[in-house]
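Reader: I am new to this structure. Please pick a single part of it and go through that part closely, with what surrounds it.

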Amino acid sequence: MELLVAMLALVPLYFGVVWVAKVLDVQQATVAASRALAFECTVRPAACADPAVHPELAEDTRLRFFSSHRLGLRSDGALAAQPNAFWVDRRGDALLERLDDVTVDVVPGRFDSPLGFAGGLGDGFPRAVRVLSELAGPGRFGLEIEGGLVEARVGTRLARNRPGDGWVRSLTAMPVATSARTAILIDAWNASGPYGDEADSVVTRVTEGSRVPGLEPAIAAGWLPVRGLLAIGAALGFESHARALRWHEIDVDLVPADRLGRPADVPPPPASAGDRP
């Protein structure tokens, strides 16, 4: 009798551990798919801006992470829809019954600021908000107030057609849903280069965004006492690094080659011998 009572508690636990392991494995695949899709948007921002026009984003995500092998990010197109051998119930039926049970969506986000909030209130505000953005917002740096931030959402529905009490009755499977979301700031500011007088160079955009029209003389006058003290210290030999203060200069980091705007018909420059793996 004691053995029977113990088995009533241990047998469901035995099958439950296996079931939980499989659900957690699907959840990990869901998280990985959400992250990969978000980073895919960093190299294909135009496709993620209107995912309805690019259904291959969702299809590739399903095949890469929810088929027989987690293929990860590939560009050779060698993807095949095969069921995952581990995602099955006790009878061998697939927990993920079909790839369409995986929902994939890319949702554009807004800047988390009062301007971004006001921009989404209606048609009467956007024009005024755009003016404010150009005066004291991301528009000063060439950024769109509603662009650049996307959220990749991936969800799965396991055992979708099983009865809700299937686990209690036959210890096989029950309907379970998993989900994951990843928000990322995509490349919404392609530049022609770090330096130069072009309108889309980094230094030009940063300069236009950081300069405050009409207040530059006042800002320069505010720095005069500091510059005077540093000059006196340098003349007396107290401050050897006085000339290192660059109070009104902009130092722009180098921009990676894959972030530079380049015409489609111009191939990228060949890698040097030192850059090759």
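Author: Contact here means that heavy atoms lie within 4.5 Å. The model is predicted, and local features need pLDDT of at least 70, side-chain atom pairs count only at pLDDT 80 or more, while totals for chains, interfaces and linings use all residues. Residues are numbered from 1 along each chain as its sequence is written, and side-chain values use heavy atoms, with hydrogens and water left out.

Leaving aside neighbours within four places in sequence, Arg 62 is in contact with Ser 67, Leu 99, Asp 100, Val 102, Thr 103 and Val 104. One of these, Thr 103, is 41 residues from Arg 62 in sequence, yet the two are 8.5 Å apart in space, C-alpha to C-alpha. Arg 62 itself is placed in helix H3. Helices (H or I, at least four residues) and strands (E, at least two) are DSSP runs, numbered from the N terminus.

By that count the chain has eight helices and three strands. Along the sequence they follow the pattern α-α-α-β-α-α-β-α-β-α-α. The chain has 277 residues, of which 30% count as buried; buried means under 20% relative accessible area, exposed over 50%, and partly exposed in between (1.4 Å probe, protein chains only). Among contacts with a separation of 6 or more, 65% join residues 24 or more positions apart.

H3 covers residues 56–66 and is mostly covered, with eight of its eleven residues buried. Those buried residues are Leu 57, Ala 58, Thr 61, Arg 62, Leu 63, Arg 64, Phe 65 and Phe 66. They pack against helix H1 (2–43), helix H2 (45–49), strand E1 (102–108) and strand E2 (149–158).

Take the H1 side next. Two packed helices are described by the angle between their axes and the distance between the axes. H1 and H3 pack at an angle of about 140°, with their axes 10 Å apart. That angle makes H1 oblique to H3, because angles under 35 degrees count as roughly parallel, over 145 as roughly antiparallel, 65 to 115 as roughly perpendicular and the rest as oblique. The axes are lines fitted to C-alpha atoms, for helices over the stretch in contact, and the angles run from 0 to 180 degrees between N-to-C directions. H1 passes H3 in a right-handed crossing; a crossing is right-handed if the near helix is turned clockwise from the far one by less than a right angle, and left-handed if anticlockwise.

From H1, the residues Val 26, Ala 29, Thr 30, Ala 32, Ala 33, Ala 36, Leu 37 and Glu 40 meet Leu 57, Thr 61, Arg 64, Phe 65 and Phe 66 of H3. By class, this contact has nine nonpolar, two polar and two charged residues. Ala, Val, Leu, Ile, Met, Phe, Trp, Tyr, Cys and Pro count as nonpolar, Asp, Glu, Lys and Arg as charged, and the others, Gly among them, as polar.

Back to Arg 62. Its side chain meets that of Glu 59 in a salt bridge (3.8 Å, N to O), a salt bridge being a side-chain nitrogen of Lys or Arg within 4 Å of a carboxyl oxygen of Asp or Glu. Arg 62 and Glu 59 both lie in H3, three residues apart, about one turn of the helix. Arg 62 counts as buried because its relative accessible area is 13%, whereas Glu 59, with 35%, is partly exposed.

The whole structure holds nine salt bridges. Another of them joins Arg 162 and Asp 89 (2.8 Å, N to O). This pair links distant parts of the chain: Arg 162 is in the loop between E2 and helix H6 (166–170), Asp 89 in the loop between H3 and E1, 73 residues apart. Arg 162 is buried at 14% relative accessibility, and Asp 89 is buried at 5%.

Arg 160 and Asp 101 also meet in a salt bridge (2.8 Å, N to O). Here too distant parts are linked: Arg 160 sits in the loop between E2 and H6, and Asp 101 in the loop between H3 and E1, 59 residues apart. Arg 160 is partly exposed at 29%, while Asp 101 is buried at 0%. Arg 98, Asp 101, Arg 157 and Arg 160 are linked in a network of salt bridges.
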